[in-house]
Amino acid sequence: MFKTNRSRRLAADVLTYTVLCILGIFCIGPMAWMFLTSLKPEADIVTSQMQYIPRHVTFENYVAIWTQSNFPVLITNSLIVTAVTVAICVATGTLAAYAFARMTFRGRNTLMLGYLLIRMFPAVMMIIPLYVMMRTVGLVDSRFGLALAYTSFLLPLFVWMLKGFFDAAPRELESAARIDGSTRLGAMVRIVLPLTRNGLVASSVFIAIAAWNEFIFALMLTTGQGSRTWPVGLQLMVGEFQLPWGVLAAGGILSILPVMFVFAIVQRAMVQGLTAGAVKG
C-alpha cells in the first residue's frame, strides 16, 4: 500500500514536471529563436539548410535598426503612450474600483456588468467609433489620443482586477480610521491603498504590458512618425519584395527589454499581489 501510493506520487510528479518542461520550451523557444536570429548575418538566415546556432555572431542587425531607422522614436512613443495609459487607468480606475468595492448605490451592478461587457466584445469593433470621435476632437495621430483609445478597453480590466484586491482588504481598519475622524478618501489613501499596494502594482503591470504590445489601435489611429508605436513600425519594415528577418528579430528583442526591466523591478510585489488577490478575507 505504501509503495503503491509512493509510486503514484512519483508518477504524478514526473508527469507534472514533464508537462511544465514542455510548456516552458513552448514559451521560451520562440524568444530564443528570435534572439539567435538577431545575431546572424542576413546570408546565414535564409539558407537551404536550417542553422540553429549562428556560425558568425554579429550585432549589425541591432546597429542597423537603431541607426538606420526611426526605431528610437518608435520606442519613445510607446513609452509615452504606455505611461499616459497607466496614469489614466490608475487615477480613474482606483477611485472606480474603490467605489464598486465599498459603496452601494443605484446602478452599481449594471455599471459593473457594462464594464464586463466591454471586455467581451473584440477591441476591433471599437476602432471605427473611436476614430470618428478622435477625428472630431482632433486627437487622431497623437500620442494622447492613442492613450485614450487604449484606456477605453483597458480601464474595465483594471477596475475589475483592483476591485478584487479592495474586496480582500479588511473593512474594520477602514471603519476605525473613519471613527478617528478620517474622511472616506483619507481612509482609502492611508489605509486601503497601502494594504492593496501589491495588487495595484500587479494591475498596473498588466495594463502596461497590454498597452506596450497593442497593434490594431496604433495602426488605425496613427499615420505619422511622431505618434507611431514600435509594433506598427516593425510591421511597416516588411516590404513587398524584402523581409529583413535579422533586423525584425533585433527590433523584437529590443522591444521586450523595457518589459523585462520593469518586471524585474516589480516582480516580487506583482507575485505577492496576485497571490493576495486569490484569497478573500
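Predicted model: local features only at pLDDT ≥ 70, side-chain atom pairs only at ≥ 80, totals over all residues.
Colleague: How many helices and how many strands does the protein chain have?

Modeller: Read from the N terminus on, the elements of the protein chain run α-α-α-α-α-α-α-α-α-α-α-α-α. The count for the protein chain is therefore 13 helices and 0 strands, given that helices and strands are taken as DSSP runs.

Colleague: Is the protein chain more spread out than a compact globule, or less, and what is its radius of gyration?

Modeller: Along its principal axes the C-alpha trace spans about 75 × 75 × 30 Å. For 281 residues the globule rule gives 19 Å, and the protein chain lies well over that, so it is more spread out than a compact globule, with a radius of gyration of 24 Å.

Colleague: What percentage of the contacts in the protein chain with a separation of 6 or more is accounted for by residues 24 or more positions apart?

Modeller: Buried residues make up 37% of the 281 residues in the protein chain, and the protein chain exposes about 16,900 Å², of which carbon and sulfur atoms supply 70%. As for the contacts with a separation of 6 or more, the part that comes from residues 24 or more positions apart is 73%.

Colleague: How far apart do the centres of the positive and negative side chains lie?

Modeller: The protein chain carries 21 positive side chains and 11 negative ones. The centres of these two sets are separated by 13 Å.

Colleague: Into which domains is the protein chain divided, and what distance separates their centres?

Modeller: The division gives domain 1, covering 6-39, and domain 2, covering 69-278. The two are in contact through 5 residues of domain 1 and 7 residues of domain 2. Taken over C-alpha atoms, the centres of domain 1 and domain 2 are separated by 30 Å.

Colleague: Is T82 buried or exposed, and which residues does T82 touch?

Modeller: T82 is found in helix 4, which covers residues 71-102. Its relative accessibility is 9%, and because buried means under 20%, T82 counts as buried. Not counting residues up to four places away in sequence, T82 touches A208, A211 and W212.

Colleague: Where does A202 lie, and what distance separates the C-alpha atoms of A202 and V266?

Modeller: A202 lies in helix 10, residues 197-213, and with a relative accessibility of 0% A202 counts as buried. A202 and V266 are 64 residues apart along the chain, and their C-alpha atoms are separated by 8.3 Å.

Colleague: Which residues is T196 in contact with, leaving aside its neighbours within four places in sequence?

Modeller: T196 has its place in the loop between helix 9 and helix 10, and with a relative accessible area of 5% T196 is buried. Leaving aside those sequence neighbours, the residues in contact with T196 are F165, F166 and A169.

Colleague: What is the phi of D141?

Modeller: D141 is found in the loop between helix 6 (127-137) and helix 7 (143-168), where D141 counts as partly exposed at 29% relative accessibility. Most residues other than glycine have a negative phi. D141 is not a glycine, yet its phi is positive, at about 65°.

Colleague: Which residues is T58 in contact with, leaving aside its neighbours within four places in sequence?

Modeller: T58 lies in the loop between helix 2 (42-45) and helix 3 (60-67), and T58 is buried, with a relative accessible area of 17%. The C-alpha atoms of T58 and S38, which are 20 residues apart along the chain, are separated by 8.3 Å. With those sequence neighbours left aside, T58 is in contact with S38, L39, K40 and P41.

Colleague: Which residues does P244 touch, not counting residues up to four places away in sequence?

Modeller: P244 has its place in the loop between helix 12 (230-236) and helix 13 (245-277), and P244 is buried, with a relative accessible area of 14%. P244 and E42 are 202 residues apart in sequence, while in space they are 7.7 Å apart, C-alpha to C-alpha. The residues that P244 touches on this count are E42 and M237.

How values were computed
Residues numbered from 1 in each chain as written. Heavy atoms only, no water. Helix = DSSP H or I, 4+ residues; strand = E, 2+ residues; numbered from the N terminus. Rg over C-alpha atoms; globule rule 2.2 N^0.38 Å. Buried < 20%, exposed > 50% of the residue type's maximum accessible area, 1.4 Å probe, protein only. Contact = heavy atoms within 4.5 Å. Areas by Shrake-Rupley, 256 points an atom, 1.4 Å probe, with all protein chains shown as cover. Lys, Arg positive; Asp, Glu negative; His and termini not counted. Charge placed at Lys NZ, Arg CZ, Asp CG, Glu CD. Domains from an automatic or database assignment.
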